[in-house]
Amino acid sequence: MNAAFMQPSRLATLKQLQCNIFQTSYNPQSLRTGAKYFRARLRGPSMMAYYPKTFDIAQITRQYRDLEIVNEDEEERFQDVLERKRRGKGAPKKAKSAADSRRLGKKR
Amino acid sequence: MPCARVIRDIKARKGVGANEIARRAYLMVARNQTLPTQVRLHAQMQLNTFGRYTRPTTVNNRCHETGRGRGVISEFGLSRFQFRIKALRGELPGVHKASW
């Protein structure tokens, strides 16, 4: 029998039955169900694995404090800062008020 | 120490990974036309409360070596110039300069 001669209501029933048999959802108005957000694979894990792992001494010294690993670059930097402070070339004191501050007192 | 843009990108990647499932659930509710409008609106409001670095579109594949954000060859994760340098040095297996 040609589908063109079938009544729309009968076609709908047929479709419904078809969905029932093949276990697909019957959605005659083609409404969006948001199923695609569940169907799509999760992209987070592959995104987090993009950059290759780098060897970070600072992180390892932080992680294993009891091993007392010496980060030589950091020690050197620290010594330089101390030396600079001794010569009066350290960072200025934090401003307590707007009047002390060089930036906040300015008119902009 | 990677450059600031790479650090920002790593932050975005972590944020996306941590919030992906919750975001997907809200997206599903908000885009579902079979649910009542009030529920969908509420889900959309919840989606808007997520931070900037939880959206996958804020993630940008950058060069592993230099952190450059443009001209990155995705197969190697390197910017075009770093790719050339490494290829000529023979550090990329199977890649050699074309000659015919």
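Okay, one definition before we start: buried means under 20% relative accessible area, exposed means over 50%, and partly exposed is in between. Keep that in mind, and keep in mind too that this is a predicted model.

Let's begin with a residue that uses that scale. Glu65 of chain B has a relative accessibility of 46%, so Glu65(B) counts as partly exposed. Its partner in a salt bridge is Lys86(B), with the closest N and O atoms 3.2 Å apart.

If we skip residues up to four places away in sequence, Lys86(B) touches Glu65(B), Leu78(B), Glu91(B) and Leu92(B).

Over all chains, the structure holds 8 salt bridges.

In chain B, Arg13(B) pairs with Asp9(B), and the closest N and O atoms are 3.0 Å apart. Both residues belong to helix α1 of chain B, 4 residues apart, which is about one turn of the helix. Arg13(B) is buried, at 3% relative accessibility, and Asp9(B) is buried as well, at 4%.

Over in chain A, the side chains of Arg77(A) and Glu74(A) meet in a salt bridge, 3.0 Å from N to O. They both lie in helix α5 of chain A, 3 residues apart, again about one turn. Here the setting is partly exposed: 45% relative accessible area for Arg77(A), and 37% for Glu74(A). As a general point, an α-helix has 3.6 residues a turn, so residues three or four places apart point the same way.

Helix α5 of chain A, residues 72–86, has 15 residues and reaches 21 Å from its first C-alpha to its last, close to the expected 21 Å. After α5(A) comes Gly88(A), with a positive phi near 75°.

Helix α1 of chain B is another story. It runs over residues 4–31, and its end C-alpha atoms are only 35 Å apart, short of the 40 Å that a straight helix of this kind would reach. Where does α1(B) bend? The bend is at Glu20(B), by about 55°. Glu20(B) is also among the buried residues of α1(B), along with others including Val6(B), Ala12(B), Val16(B) and Leu27(B). What covers those buried residues includes α2 (36–39) and α3 (44–48) of chain A, together with α2 (37–49) of chain B.

That brings us to where the chains meet. In all, 26 residues of chain B are in contact with 17 residues of chain A. The area buried between the two chains is about 1,900 Å², and carbon and sulfur atoms give 65% of that. On the chain B side, α1(B) gives the most, with 14 residues.

How many salt bridges cross this interface? The rule finds 0 between chain B and chain A. Polar contacts are there, though: the count is 10 residue pairs, both residues at pLDDT 80 or more.

Okay, that's my tour.

Terms used
Residues are numbered from 1 along each chain as its sequence is written. Chains are lettered from A and ligands numbered from 1 in the order in which they are written. This is a predicted model: local features need pLDDT of at least 70, side-chain atom pairs count only at pLDDT 80 or more; totals for chains, interfaces and linings use all residues. Side-chain values use heavy atoms; hydrogens and water are left out. Helices (H or I, at least four residues) and strands (E, at least two) are DSSP runs, numbered from the N terminus. The expected span of a helix is 1.5 Å times one less than its number of residues. The bend at a residue is the angle between axes fitted to the seven residues ending there and the seven starting there. Buried means under 20% relative accessible area, exposed over 50%, partly exposed in between (1.4 Å probe, protein chains only). Contact means heavy atoms within 4.5 Å. Buried area is the accessible area (1.4 Å probe) that two parts lose on being put together, summed over both. A salt bridge is a side-chain nitrogen of Lys or Arg within 4 Å of a carboxyl oxygen of Asp or Glu. A polar contact is a pair of N or O atoms within 3.5 Å; within protein, one must be able to donate a hydrogen and the other to accept it, and residues adjacent in sequence count only if both atoms are side-chain atoms.
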